[in-house]
Amino acid sequence: MIALIQRVSSASVSIDDEVSGAIEKGVLLLLGVQRGDDETKLQKLLDKVLAYRIFPDDSGRMNLNLMDAGGELLVVSQFTLAADTRKGTRPGFSSAAAPADAEALYDEFCRRAAERVTTATGRFGADMQVSLTNDGPVTFWLEV
C-alpha cells in the first residue's frame with residue numbers, strides 16, 4: 001500500500017460538481033493499493049499515517065501527529081500511485097490491485113481510520129476533483 005500524504009489547511013474532493021468530502025486542518029491522503037496488499041499492510045500503513053509527526057509543536061518543529069494536532073483526514077483512492085514509471089513514457093498498472101480487491105481495502109482503511117480520527121472520503125473509482133491548500137508545503141510518500 002502506498003500513501004501520499006499532504007499536510008493541509010483545507011482540502012475537499014468533489015464528484016460531479018458535488019462535494020463528497022471536506023476537511024479543514026489535517027491530512028489529505030491519496031491511497032494506492034497494490035497487488036498482494038492485505039489487511040496487515042493496511043493496518044501498518046494506517047498506524048504509520050496517524051502516528052507520522054508532520055505538524056508543528058510550540059517550537060515550530062514537526063513533532064505532532066494528526067491526532068495530537070487535532071486534525072482531520074481526507075482519504076482519496078488513487079490507483080495511479082501504483083504505476084510503474086521506470087520505462088517509456090506511458091505508465092503501466094500491472095502492479096495495481098484488481099479493482100474489487102482495491103475497493104475492499106480502501107473501504108476498510110476508511111472504516112478503521114474513522115474509528116480513530118474524523119475522516120472524510122472520496123468514492124472509489126469515481127472521477128474526482130481534489131482541491132487542497134498544502135500547508136508548508138509538506139508532502140510525504142509512505143509505503144508498507
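## Arg116 and its partner

R116 is partly exposed, at a relative accessible area of 38% (buried means under 20% relative accessible area, exposed over 50%, and partly exposed in between, with a 1.4 Å probe and protein chains only). R116 forms a salt bridge with D47, with 2.7 Å between the closest N and O atoms; a salt bridge is a side-chain nitrogen of Lys or Arg within 4 Å of a carboxyl oxygen of Asp or Glu. D47 is likewise partly exposed, at 32% relative accessibility.

R116 lies in the loop between α2 (99–114) and β7 (119–121), and D47 in helix α1 (residues 39–51), so the pair ties together parts that are 69 residues apart in sequence. Helices (H or I, at least four residues) and strands (E, at least two) are DSSP runs, numbered from the N terminus.

## Basis of the model

The structure is a predicted model, in which local features need pLDDT of at least 70 and side-chain atom pairs count only at pLDDT 80 or more, while totals for chains, interfaces and linings use all residues. Residues are numbered from 1 along each chain as its sequence is written, and side-chain values use heavy atoms, with hydrogens and water left out.

## Further salt bridges

The structure holds eight salt bridges. One of them joins the side chains of D135 and R7, at 3.3 Å from N to O. D135 lies in strand β8 (residues 128–143) and R7 in strand β1 (residues 2–15), so this pair ties together parts that are 128 residues apart in sequence. D135 is partly exposed at 33% relative accessibility, whereas R7 is buried at 9%.

In helix α2, R111 and E108 are three residues apart, a separation of about one helical turn. Their side chains meet in a salt bridge of 2.6 Å, N to O. R111 is partly exposed, with a relative accessible area of 42%, while E108 is buried at 16%. Both residues belong to a network of salt bridges that links E39, E108, R111, R112 and E115.

## Negative surface patch

D16, D17, E18 and D127 form a negative surface patch. Patches are made of residues with over 30% relative accessible area and no salt bridge, like charges being joined within 9 Å and nonpolar side chains (Val, Leu, Ile, Met, Phe, Trp, Tyr) within 5 Å. Asp and Glu count as negative and Lys and Arg as positive, with His and the chain ends not counted.

Note on methods. Accessible areas come from the Shrake-Rupley method with a 1.4 Å probe; for residues, only the protein chains shown count as cover. The place of a charge is taken as NZ of Lys, CZ of Arg, CG of Asp or CD of Glu.
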